[in-house]
Amino acid sequence: MKTNILTAAAVSFLTMTTFAQKDQVKNAEDAIEDKNFTEAKAQLKVAEANLSELNDKWQERFYLYKGKAYSSGNPSNEDVQTAAMAYAKAAELGNEDASAALTKMKNDLINSAIEDQGKEDYKSAADKLYTSYQMSKQDTVYLYYAANNLVNAQEYGKAVEYLEELSDLGYDGSGKSYTAVNIETGEKENMGSKEQMDLMVKTGQYKDPKVEPIPSKKGEIASLVARIYINQEQYDKAIESIDAAKAANPNDVDLLLSEANMYYQMGEKEKAISILEEAGNMDKSNPGVYNNIGLMYAEIENTEKAVESYKTALEIDSEYNEARINMVAAMLGEERALIDEMNNLGMSKKDNARYDELDAQRKDLYKKVLPYLEKAMEVDPENKEIVKTAMNLYTNLDQQEKADALKDRL
């Protein structure tokens, strides 16, 4: 009899606790509507102590409000992570609003990280990208980008930790990207998974779902690790890292390009050139490879070879404008020596004659570059930097009408 009384009392107490928790969840909702996020967090903390006693529907509401409370106001990175985990739990329980909020949070974080990169605030960008990875552990690419930013921030120890975590996960960067267009903003956003992409399209807030292949990043990762060791002057480890990656992926052209870059950074330019030539012979059908080879030759100031590589890329794909623009930049790089010599000349008759000779060479260079620049504008008419460069060349060649005709494009 006593047992029955105690059981009844326990059930009664449990019922009262459940009612109290529901009130706290409702109070949190009211506080969020009033933008009193501190109060909402306080109510949710009390409710969380006995959360398992609530049914799934109330737990879903709890996690949704927790996500809203911690993501609102001016959240710290820790708050964002808390909100993300809460939204993820609510989404697991079937809440579509939470799924949409989680996607928006991730995209906002990634866009903010991109802005930080533009401002060269690499540490902040790394923190945000790592948080994006924490939101969705299958999106390991953000852990890779976080490591990349840490290298730029010279936070080498933490960068190595992230890269080792990627290695433990068997990450090579290949896979598929799942994107859809946000109808409201018109921007293409990464959905993270096919399931999430399909869900967001179903809400009517997104359209044009796309599944696209993501190439392997093993070459880039090996290059990143090598760059860390080079910065630490641990050259043996840098070579070891590249050699290990090449042994596992002997046909990866990107690894050869990374190796060439490594030897260039180590000051071994001839070694870098021989590796570049090997890369060129490995894949003769990929314009991107020859574009990268051109960039490497440009880095070691071999303009002739750089231009030759860019031309090869354009022979493979005449619309590959990146190679065309890089070729223009490489060709115009020769202008610097001419201008420097012109500026250092005196006022003697001999110097004036030399000035005219150098000025003629400079204008001949412009005439060689212009056809490529004009084609670049034809392929990409919205690129303002190309237009500005063309206007400058036209002006220096006394072709002001052509320069003026381009003003409307700016």
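Student: Why are α17 and α18 called roughly antiparallel to each other?

Tutor: The axes of helix α17 (residues 335–343) and helix α18 (residues 349–379) cross at roughly 160°, and an angle over 145 degrees counts as roughly antiparallel (under 35 is roughly parallel, 65 to 115 roughly perpendicular and the rest oblique). The two helices are therefore roughly antiparallel. Here axes are lines fitted to C-alpha atoms, for helices over the stretch in contact, with angles from 0 to 180 degrees between N-to-C directions, and helices (H or I, at least four residues) and strands (E, at least two) are DSSP runs numbered from the N terminus. The model is a predicted one, in which local features need pLDDT of at least 70 and side-chain atom pairs count only at pLDDT 80 or more, while totals for chains, interfaces and linings use all residues. Residues are numbered from 1 along each chain as its sequence is written, and side-chain values use heavy atoms, with hydrogens and water left out.

Student: Which residues make the contact of α17 with α18, and how do they divide by class?

Tutor: With contact meaning heavy atoms within 4.5 Å, α17 contributes Glu335, Leu338, Ile339, Glu341 and Met342, and the residues on α18 include Arg354, Tyr355, Leu358 and Asp359. The contact divides into seven nonpolar, one polar and five charged residues, where Ala, Val, Leu, Ile, Met, Phe, Trp, Tyr, Cys and Pro count as nonpolar, Asp, Glu, Lys and Arg as charged, and the others, Gly among them, as polar.

Student: What makes α8 and α10 roughly antiparallel?

Tutor: Helix α8 (residues 156–168) and helix α10 (residues 218–231) have axes that come within 11 Å and cross at roughly 150°, so the pair is roughly antiparallel. Tyr156, Ala159, Val160 and Leu163 in α8 meet Ile221, Leu224, Val225, Ile228 and Asn231 in α10, a contact with eight nonpolar, one polar and no charged residues.

Student: How do you know that α13 and α14 are roughly antiparallel?

Tutor: Helix α13 (residues 269–282) and helix α14 (residues 287–299) pack at about 170°, with their axes 10 Å apart, and the pair is therefore roughly antiparallel. Ile273 and Leu276 of α13 and Val289 and Tyr290 of α14 are among the residues in contact, and the whole set holds eight nonpolar, one polar and one charged.

Student: How much space lies in the largest pocket, and which element gives the most to its lining?

Tutor: The largest pocket holds about 940 Å³ of space. Of its 37 lining residues, the closest to the centre are Asn107, Ile110, Tyr142, Glu189 and Asn190. Helix α5 gives the most, with eight residues, and the lining divides into 11 nonpolar, 15 polar and 11 charged.

Note on methods: 1 Å grid on protein atoms, 1.4 Å probe; cavity = no way out; pocket = protein on both sides within 12 Å on 5 of 7 lines; lining within 4 Å. Points joined across faces, edges and corners; volume = space filled by probe spheres on them.
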